[in-house]
Amino acid sequence: MSVDEMVTLSGAHSIGVSHCSSFSSRLYTFNTTHAQDPSMDPRYAAFLKTKCPPNSASEAGAGPTVALDPTPNRMDNKYYMELKKNRGLLTSDQTLMSSASTQKMVVNNARNAMGCQVCQGNGAHGFSRCAYRN
């Protein structure tokens, strides 16, 4: 898989929710220097803390859930737009902004009003940029 394909496939996080246990360490126990992940928008972190109070995620796959992006039932470019604002829910998502090459791809996908969509075609890949067909 190429880096471009990985960034595009990550756009699938535009749909769905995540259990608090998958990201609560970013809110409360990030590292010995910072309790909260410093790469996360502080207002977004405060919002997430209202949805996932401490110890609400004591067991993997249990507890409250939070939408992966503001439009969890629609495949669009909001996922990429949120990454630009440091509002990636999962570490793997926000990490896409820490590399110059992947950051450029995120910014490009955020600019695309159609975002990422599931395209019909004969190819093996289900997700593709709207400008391309499988």
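Predicted model: local features only at pLDDT ≥ 70, side-chain atom pairs only at ≥ 80, totals over all residues.

Which residues are exposed on the other side of α3? Residues are numbered from 1 along each chain as its sequence is written, and side-chain values use heavy atoms, with hydrogens and water left out.

The overall layout comes next. The protein chain has six helices and four strands, where helices (H or I, at least four residues) and strands (E, at least two) are DSSP runs, numbered from the N terminus. Along the sequence the pattern is α-β-α-α-β-α-α-α-β-β. Of the 134 residues in the protein chain, 37% are buried. Buried is under 20% relative accessible area, exposed is over 50%, and partly exposed is in between, with a 1.4 Å probe and protein chains only. Take contacts, meaning heavy atoms within 4.5 Å. Among those in the protein chain between residues at least 6 apart in sequence, 58% join residues at least 24 apart.

Back to the question about α3. Pro42, Arg43 and Thr50 are the exposed residues there. The buried residues of α3 are Tyr44, Ala45 and Leu48. What do the buried residues of α3 pack against? They pack against α2 (25-28) and β2 (65-67).

Now the cores. A nonpolar core here is a set of buried Ala, Val, Leu, Ile, Met, Phe, Trp, Tyr and Cys residues joined through side-chain atoms within 4.5 Å. The largest one has 12 residues: Cys20, Phe23, Leu27, Met40, Tyr44, Ala45, Leu48, Cys52, Val66, Leu68, Leu89 and Leu90. Helix α3 (residues 42-51) gives the most to this core, with three residues. Another core, of nine residues, lies apart from it, and Tyr79, Leu83, Met97 and Ala110 are among its members. As background, nonpolar side chains in soluble globular proteins tend to be buried together.

Which residues does phenylalanine 23 touch, leaving aside its neighbours within four places in sequence? Phenylalanine 23 is in contact with Ser18, Leu48, Cys52, Val66, Leu89 and Leu90.

Serine 24 sits in the loop between β1 (17-19) and α2 and, at 19% relative accessibility, counts as buried. Serine 25 belongs to helix α2, and its 39% relative accessibility makes it partly exposed. With neighbours within four places in sequence set aside, serine 25 is in contact with Phe30 and Ala35. From serine 25 to alanine 35, 10 residues apart along the chain, the C-alpha separation is 8.3 Å.

A cavity is a set of points, on a 1 Å grid over the protein atoms alone, where a 1.4 Å probe fits but cannot get out, and its lining residues have an atom within 4 Å of a point. Grid points are joined across faces, edges and corners, and a volume is the space filled by probe spheres set on the points. The whole structure has one cavity of 30 Å³ or more. The largest cavity holds about 40 Å³ of space. Its lining is Leu68, Asp69, Tyr79, Glu82, Leu83, Arg87, Gly88, Leu89 and Asp93. Helix α4 (residues 78-84) supplies the largest share of that lining, three residues.

Asparagine 86, in the loop between α4 and α5 (91-94), has a positive phi of about 60° although it is not a glycine. Asparagine 86 is partly exposed, at 32% relative accessible area. Arginine 111 is in helix α6 (residues 100-111) and is exposed, at 61%.

Methods:
1 Å grid on protein atoms, 1.4 Å probe; cavity = no way out; pocket = protein on both sides within 12 Å on 5 of 7 lines; lining within 4 Å.
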